[in-house]
Amino acid sequence: MAHRTTLEEEHPVRAAKAPKKPGGSSFEKAGTAGDRERVFDAFRRWGYLEATLDPLGFLEPQKRPELDGLAGEAAEEARRIYCRTVGADFMHLLEPERRRWIAERMETPAGEVDQKKILERLIRADLFEQVLQARYLGTKRFSLEGVTALIPLLDSILDTAGELGAESSIVAMSHRGRLNVMVHAACKSPHEVVAGFEDVDPRSVLGAGDVKYHVGATGTYVTSSGKQIGIHLVSNPSHLEAVDPVAMGRTRAKQTRAGVDGSQIDRSRATLNTVVPIVMHGDAAFAGQGIWAETLNLSDLEAYTVGGTIHIIVNNLIGFTTRPTQEHSSRFASDIAKRQSVPIFHVNAEDPDAVVRIGRIAAEYRATFGGEVVVDIIGYRRHGHSEVDDPTIKRLRSFANCPNIGRRITTAATNPSMKSTPASRAKGWRKLPTASSACRKDFTFIRKS
Ligand SMILES: Cc1ncc(C[n+]2csc(CCOP(=O)(O)OP(=O)(O)O)c2C)c(N)n1
């Protein structure tokens, strides 16, 4: 393992002195292992604030005085790890072994990811939205576009959880991208989802057309290694975050059933790892809704714990019409989780390789320590709050000419001049147009029906 962290003892963060001469710092001059540790320690603590996390660049990296003036080989390496498209926010954890574990994961070179699969999933997720947009123009669907990397993120979490013993997963979320998740993670048939768009009878009790993004779904997800995981997507009301305690309760009940052993209930980590809760949140709801704070408060109590929930903030940096700076006092929507020992991984949604890597780390962390973990995947919102809205009225961040990860990557895959993009570096990338047309075929029934 290259340059493992030791984190054996706590080092006070030394305020970095400005280099006396250009190109050299006091750390660089000393060059000892201890100095290297101190440089890394500063980046572990503060690096996430300087990371490039927002694809549209509105959430600018925040220059930290603690990192100012750190130069040299160790600083460059630490900056590469902690200040690029992943911001690991974990030094507030009280348990040294957890901090050490995360630093080791971050500082170990990233393993290979299956770029071909990632690309295919992004194309599928994006096409799903495009087809609905074309067929049901002006109908609400709460598109995932702008954060489509959520689908490969879920793949990565479920694949890893499956390897670590998961048999089922309780999944909860609100409106954003729910239809996409139903099809691609809960494996509900697209026909059933599309049927919801045909529900237009105003006299029907459930005929307001919004049933489709409130109903639950049950399906079977097949991991990359062929393992089947039962997915239970919890029905959700309009009231944001109300589903959090429901998901926790359902998980706890399933874990209890799995652990019944005569008159005893086995709550070992292995048993808790058989049922994995995954809860997705909007950024505004995560920061602002009290019920979520109340649920989080219960997470480590013996009577309520589910051995950790994996939280994903589907972060488009807007809440309906409100920008983050007008909606929460903290820099990140996720900061409320920092009151407890909960690591937070911010990740730029335009770097799908990094997203997938963080999904794996989050699932491993939960299985290893039985604690909550947050993945804050930061993208944007391509349309208005729903597709009924005029995005200009809803003050969408640069709604015109938004890049779109799915479309951008589709282009990359089909355009030889873009070979340098991460997606097109995928093995066999030349075959990807075939994958794209296969996905299109899946959805042709919608156009024909
Ligand atoms: C408790 C509650 N308050 C307000 C609303 C109205 N509402 C629906 S969506 C929304 C914005 C949510 O923003 P965010 O959580 O960031 O999710 P996004 O739609 O941006 O993905 C609001 C205020 C609601 N449904 N529930």
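This is a predicted model: local features need pLDDT of at least 70, side-chain atom pairs count only at pLDDT 80 or more; totals for chains, interfaces and linings use all residues.
Two strands pair if DSSP finds at least two bridges between them.

**View 1. Strand 10 and its two parallel neighbours.** Look for Ile-344, whose bridge partner in strand 10 is Val-374. Strand 8 (residues 310-315) also pairs with strand 10 in the parallel sense, this time over 6 bridges. Here Val-314 has Ile-377 of strand 10 as its bridge partner. Strand 10 itself (residues 373-378) is mostly covered, with 6 of its 6 residues buried. Val-373, Val-375 and Ile-377 are buried on one side, while Val-374, Asp-376 and Ile-378 are buried on the other.

**View 2. Helix 6 crossing helix 14.** The axes of helix 6 (residues 150-163) and helix 14 (residues 352-369) come within 8 Å, crossing at roughly 35°. The crossing is right-handed.

**View 3. The shell around the ligand.** Here 14 residues surround the ligand, and the closest are Arg-176, Gly-282, Ala-284, Ala-285 and Gly-319. Which helix gives the most to this shell? That is helix 11 (residues 283-288), with 3 residues. By class, the shell has 6 nonpolar, 6 polar and 2 charged residues.

How values were computed. Residues are numbered from 1 along each chain as its sequence is written. A residue is near a molecule or strand if its C-beta atom, placed from the backbone, lies within 6 Å of it. Helices (H or I, at least four residues) and strands (E, at least two) are DSSP runs, numbered from the N terminus. Ala, Val, Leu, Ile, Met, Phe, Trp, Tyr, Cys and Pro count as nonpolar, Asp, Glu, Lys and Arg as charged, and the others, Gly among them, as polar. Axes are lines fitted to C-alpha atoms, for helices over the stretch in contact, and angles run from 0 to 180 degrees between N-to-C directions. A crossing is left-handed if the near helix is turned anticlockwise from the far one by less than a right angle, and right-handed if clockwise. A residue is buried if 20 or more other C-beta atoms lie within 10 Å of its own, exposed if 12 or fewer, and partly exposed in between; C-beta atoms are placed from the backbone.
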